[in-house]
Structure formats: C-alpha cells, structure tokens
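The structure comes first, and the account follows.

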Amino acid sequence: MILPATTPASSVAPANALSPPVQGKSRPVLLTGEVIAKDSQIIFVPPSNSSPVVLSNFVAEGSKVNKGDLVLRIETPNNASIEQLEIGMQQTKAKTDSELAKLEVAALEAEKNLLTAKAALAKSLVDAALPKAQISALDFDKYQAEKERSERDQQVKQLAFDDANTSISRKKSDADLELKKQEININYLKTQLTRSEVRASQDGYVVHGYSNWRNERLEEGSSAFPGNNAGQVIGSGQMEVRAWALEADRIYLKEGQTLSLKFDALPGSEILASIANISNAPEEHSIWGYGRYFRIDIKLPAQHNFKLVPGMSVMIEPMQAPRKSNDRATTKAQDLTIEGEIQSRVITPIGPPSIPYIWQYTLAQMAPEGSIVKAGDMLATFQAAEVANKLASQKSQLNEKLRALEKFKLEQTEAEKAADLAVAEAQSNAEKAARKATMPKELIRRVDYDKLVIEKSLNNELAALSQKLRTAQTRARKAEKTGLDTEITMLQGKIDSLLKGQKAMTVTASKPGMMIYKSNFEGEKFTAGSQIWMGLSIASVADPDKLFVLAKVPEAQSSTIKIGQNARITIPGANTTVSARVTGLGNVFHSKSTSQPIIVRDIELEFEQMPKGLKPGAAVQAILSGAGAESAMAGAIKK
C-alpha cells in the first residue's frame, strides 16, 4: 500500500475545520495513490479450520479464465470428515433401527402378556358369574378373589403395553432429531468444502499476489493464511486511481475537481483527471500513523496514451486552473543494475501430510540443501507420536468389533432357530385349542366350554403375534449386524486414513530436481527437529534444467524495461557473467517486502545459454542494457 504524502508542516488547518477556506487563499495539497483495476475480483484464501493452508489448483499467472472457472482451491480435511460423518449417519440409522426393533419386540411381548391377562380375566369372569347358591362359599370367594386379581393384572399389563408404545414413539422422535443434527453437520462441511475453492466471478486474467510472510509470489503449493489476498482476476483492464487524504486536507477537495496525476513508473508523464467520489467518513490506518483518511476515487479520462498497470504509484496534485501536461522527459540511455535470484519454473513443494486432527509434526530428517535428488529418493521424514497412538487404539477397537461380529453371527443362528421353534409351538397350541373347542357343547359343562372358546381365541392371537414377534426379532438382529458392520467400516476407514498418512510422512521425490530449503516464521531455515504445522511448506524440489532469473526493478526505473531487452547476469559465487534477455514483466506493482516497502515490478530474464552449476535461490546481479530505454519509454505510453 502506498503511504499518503503528508501536508507541508508550514501549512496549518483553519481554526474552524468545518468552514470553507477563504477564497483565493488555499494551501497546496499533495496526495499519493495507486492505480487499481476498476473491475477486478480479489482472490481471498478460503476459510479453514486449520492455518496455514496449502494452495492447490491455483491457476497460473496470466492465464485467461471465464466466469465460473475454478481459480483456487485449498487442501482441507473436510473430505475425510464428510465420509466419516456419512458412515456415522449410516451407523446411527442402523443403531436406531436396532433399538426400534428391540422396542417393538418388547411391545409385542407386552401385547402378548396383555392378551394372556385379558384371557385370564375372561376365564375368571366366567367362574365369578356362577351363582353363590350353586357352589360352595369357599369356591365363590376364591372365584371373586381371582376376578379381582385378574382385573388388577390386566391394568398392570395394559400400562406396560402403553409404556412400550410410548417408548417407540419417543425413540422415533429422538432418532429423527439425531439424524437431522448429523445431516446439518454434513451439509455444513459440504458447504465448507464448497467454500474451500474460489471461482471467477467474471471473465479476465489471473494475477498472483505476494506472501507478506515470505516476501515471495504465491504459487501452486505455497503456504498461505485464510483470508489473505492470494491475487486478483483482472477484468476488462479499465483502470482508476485511488488516493487517501488526511482529514485536514478534506476541505480543499471536492467531487469533480481537476487533478494532475504523475506516475513514478512513467517519468515525465502527466494526466489530467477528476475526483469521482470522496468517502463520507474518514478511516483509520494504523500502519500510517494516528491520522484518519478520506478515500478519494479518481476517474481517469476515457482516452489517454499511457499503459497503466495495477499497483503503480501516483502523485496527485489539485489544479487551480487547467494547464497543459509537461513534455515527457527524455530518458537517457544507460545501464541499470538490479538484484535478482535464480528460480526454477517447475517447483514441487514439500510439506507434512494432511491427516485429520493431527495438527503438528516433528521434522525428523531432510535431504541436504542443494543436493540433487532422483525420482523415489527420500526428501523429508516427519514424525507424530499421536498417529501411532491413534492407529493402535483404532486397531484395538476394530479387533474388538470383529470378535463381537463373529459372536453375534453364532448367536444369530441360535436365535433364528429359537424363533422358529416359538412360532411352531404357538401354532401347535392354536391347533390344539381349536380341536378342543370343537367338542359338542352338550357333552361338557357350559363353564368349561366357555373357557375352551376363550383358550381358542387366545392361542389364535398368540400364534399371529408369534409371527410378528419373529419378524421384529429378525429385523432387530439385522439392524444390529448392520450397526456392527458400519462401525467396522468406520474404524477401517480411520485406520486406512492413518496408514496412508503414516506412509505419507516419508516424502519421496516424484521427479528429479534440486532440494531448496524454506524459512520459518523467524526467518530461519527448517532443520531436523523443527516443529511443523499442518499445511506448512518446508522446502521444495526445483527442476535445475528450467532456471530463470527473477528480479525486482524499482518503480521509477521500470519504464526503461521492455520485453526482449538485453542483459548481463553476474553470478558472484561463480565469478562469471552470462548473457540474458528480458522475457516477462510483472502484471502488477507491489511492495518489495515488509521491511522494504518500496514499490517494485517483477521482471523475468532467460539465459541465452544455460550456464552450468547454477542453483535455484542463488543471488545474482542483472545489468540491463540502456539501449532500449528510450523505445521502452515510448512503448509505455501506448496501449
């Protein structure tokens, strides 16, 4: 960000800051701003439960994208979590089915007891209906007592039956709530997974941002923090200028006011523009000091001859009257020396694996820095004691569930045989009761005949109930087995994930290259014994056959650089100088680093002939020929 220029110390704000300045008496106001893309989309690093995160599927810089195209995705453990939750949901359903089936079995048993109690009451009513005069007083009292006992027993059995049905309803309601809760969690994680990727909201081309931590451009595989600016999607290329004005300078500015704009990257250039909008309230910017600033949006003229790039610094001065732009100063052709670094176009990042719920690792060993590795060579080894502990625990639980499943299968066979015997016995009892009830009514006592009819009805109902009971018991056993199978599947999935992560803790090279170390938060390079957070890149493997020089040219000198410009690269370590040429210019201007906030532009240089012995990361000096300075300046003012 460009720091606003301070107003001259000799200029003092009016006593009444709200009153307009006296006509004809105004102090000079000097503002600074930067060029921004009018219709750009900022690419923010998506939110995550862990930090930092690894950038994946990051579209290459300068690539053309269409609206809806995937621009960036971060690695997230939500995929594994969703799978575990879905398996857990199946387990809950199986457990619910098992518990409901058991409750239904209990309800059928309660219904069976209720039918038996009703039959007993019906029999006792038959005996209790006998006249007292026809039987002994002892039998009469016994029948009356049996009637009262049967009535009480039926009431108890009726309450038990009602409670059993109430338990089924309550269990269904609780299960629905639990399943809904798990479904909400799954949908939330799916939403988080969707939010872990960024898609283009407009057509344009992608420009990568810079890491404030490592002072390097963010690329595929880089580590970044959620919410950071990873880059932009530049749309139609329309530019405008944004500036910031101190509160004390606000009264000297108004919408529509004519301004003179001068660009540091284009020496001698000037554009007349006007203020399009001034924010209604000032904002604090603690990095600039204790002042508060109004945002000034400046509309550029529709036709201007300057090729503007986002991030360019602009000096802004209100004009009292329209005046012609100054003639562009001619740039004297002279050599320009800048600092650069050898980099590779093919880089493979190295970091710890993403194992669910394992956040910190210990770096056990790492291949020597600068060493040449072949495909399959060990690059780094990570350790995490928690992985081994979790793996042992999960395996123990899995073995326990497997033994429980084997035991259940044996018990299931016995239970099926017992259920079949119970059904056969109930049907046999129903057939016996039916035969007894077919005896001629005239040959037996009326009391005994009525009891046989009651027994026939009871056994028929019990026979039908035994079929339902067997079906419910079969469903309960099936649901219980499904629950065990689901638990085993879940545990096996966790074990597979841990084994995969354990294997991935030894990182091997997928292709030949050179080992390049990275630095930690304190600026020190990672070494054996370092504590590494998940998502942190500790090193990279660079292809030594695809090297180039990445240099940063100060904004004021950037106008002298053009594609194809000749250069000489001095390699201090080898004490050699080789020829090169400029092959690429950065799409934006940016701060050099957090400690050096000067505005620079990246340039890429290719070697005319690749020298031997170069190592990525080595510092070099680039001496750019001044022969193309004037033509570069001329090209900078053309679109």
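## A loop residue and its partners

Leaving aside neighbours within four places in sequence, Glu608 is in contact with Ser579, Ala580 and Arg581, where contact means heavy atoms within 4.5 Å. The C-alpha atoms of Glu608 and Ser579 are separated by 5.7 Å, although the two are 29 residues apart along the chain. Glu608 is placed in the loop between strand S30 (599–607) and strand S31 (619–624), and is partly exposed at a relative accessible area of 46%; buried means under 20%, exposed over 50%, and partly exposed in between, with a 1.4 Å probe and protein chains only.

## Basis of the model

The model is predicted, so that local features need pLDDT of at least 70 and side-chain atom pairs count only at pLDDT 80 or more, while totals for chains, interfaces and linings use all residues. Residues are numbered from 1 along each chain as its sequence is written, and side-chain values use heavy atoms, with hydrogens and water left out.

Beyond four places in sequence, Leu308 is in contact with Val35, Met239, Phe263, Leu266 and Leu300.

## Aromatic pairs

The whole structure holds 2 aromatic pairs, defined by ring centres within 6.5 Å for Phe, Tyr and Trp (its six-membered ring), with planes under 30 degrees apart counted as stacked, over 60 as edge-to-face and the rest as tilted. The rings of Phe263 and Phe306 have centres 6.4 Å apart and planes at 35°, so this pair is tilted. Phe263 and Phe306 are both buried.

The rings of Tyr361 and Phe382 have centres 6.5 Å apart and planes at 70°, so this pair is edge-to-face. Tyr361 lies in strand S20 (residues 360–366) and Phe382 in strand S22 (residues 378–383), so the pair ties together parts that are 21 residues apart in sequence.

Notes: Helix = DSSP H or I, 4+ residues; strand = E, 2+ residues; numbered from the N terminus.
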